[in-house]
Amino acid sequence: MYGKNGLFKYFLLSFGQIFKRMDQILRELPKKAKDKQNENKKFFTKLKKRPPKNLDYIMQELHEEEFERTDCLDCANCCKTTGPLFTRADIERIAKFLRQKPQAFIEAYLRIDEDNDYVLQQVPCSFLGADNYCSIYDVRPKACREFPHTDRKKFQQISNLTLKNVAICPAAFNIVEKMKKSIGNG
Ligand code: SF4
Ligand code: SF4
């Protein structure tokens with residue numbers, strides 16, 4: 001159906017469309033999250049009081065299902081708009097990878113925030129490439145590996161964090177919407 005060039009153009013068009021779609025999703029996300037804020041707060045208040053026995057299982061399923069559809073390389077919104085906390089172990093591991101002394105790494109990239117945690121000096125993260133790849137992926141901070149934490153155990157315990165994350169992470173937003181449907185909203 002497509003000649004060689006036609007097929008190439010078709011793929012370019014498809015990739016372009018994926019990025020355009022994600023751009024639009026990310027533009028609309030803060031408002032969508034704000035519109036759902038009260039509903040989400042009520043839902044998490046109830047969830048904390050009476051979490052279903054199989055909540056860990058439900059979250060694992062919802063998380064896996066969502067990340068089969070969502071490719072973080074189309075998005076990288078967490079790396080662009082917020083950043084991880086860096087633990088001492090993160091700092092030592094990453095500094096070693098970059099062949100730097102931990103103190104030199106801290107001075108180059110980190111600052112201490114109001115909670116006394118090490119965070120990035122700036123966002124987007126300095127380790128994020130234009131292609132959305134992370135240049136320290138194999139040694140990235142634990143918080144980056146675990147974000148948006150939707151597959152963690154006892155998910156009800158991080159509801160305040162999740163209420164914030166749904167405005168940053170389209171996958172977290174979708175997972176919470178599905179949670180409400182599968183666990184019950186009212
Ligand atoms: S974790 Fe969420 S915000 Fe981060 S890149 Fe993946 S979908 Fe985007
Ligand atoms: S270290 Fe990597 S995964 Fe973490 S915020 Fe930076 S670019 Fe993203």
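Reply: A nonpolar core is a set of buried Ala, Val, Leu, Ile, Met, Phe, Trp, Tyr and Cys residues joined through C-beta atoms within 7 Å. A residue is buried if 20 or more other C-beta atoms lie within 10 Å of its own, exposed if 12 or fewer, and partly exposed in between, with C-beta atoms placed from the backbone. This is a predicted model, in which local features need pLDDT of at least 70 and side-chain atom pairs count only at pLDDT 80 or more, while totals for chains, interfaces and linings use all residues. Residues are numbered from 1 along each chain as its sequence is written, and chains are lettered from A and ligands numbered from 1 in the order in which they are written.

Me: What is the mean pLDDT of the chain, and what share of its residues reach 70 or more?

Reply: The pLDDT is the predictor's confidence in each residue, from 0 to 100. Over residues 1–13 the pLDDT is below 50, and where pLDDT is low, the predicted coordinates should not be read in detail. For the chain, the mean pLDDT is 90, and the share of residues that reach 70 or more is 88%.

Me: Which element gives the largest share of the largest nonpolar core?

Reply: This core has 22 residues, and those that touch the most other members are C78, V166, C169, A172, F173, I175 and V176. Two or more residues each come from α2 (55–69), α3 (77–81), α5 (102–109) and α8 (170–183). The largest share, six residues, comes from α8.

Me: How many nonpolar residues does the shell around ligand 1 have?

Reply: A residue is near a molecule if its C-beta atom, placed from the backbone, lies within 6 Å of it, and the residues around ligand 1 include C72, C75, C78 and C169. The elements that give two or more residues to this shell are α3 and α8. Ala, Val, Leu, Ile, Met, Phe, Trp, Tyr, Cys and Pro count as nonpolar, Asp, Glu, Lys and Arg as charged, and the others, Gly among them, as polar. By these classes, the shell has two polar residues, no charged ones, and, as the number asked for, 10 nonpolar residues.

Me: Is K154 buried or exposed?

Reply: K154 is found in the loop between α6 and α7, and K154 has a positive phi of about 50° although it is not a glycine. Because K154 has 10 C-beta neighbours inside 10 Å, it counts as exposed.

Conventions. Helices (H or I, at least four residues) and strands (E, at least two) are DSSP runs, numbered from the N terminus. Two residues are in contact if their C-beta atoms, placed from the backbone, lie within 7 Å.
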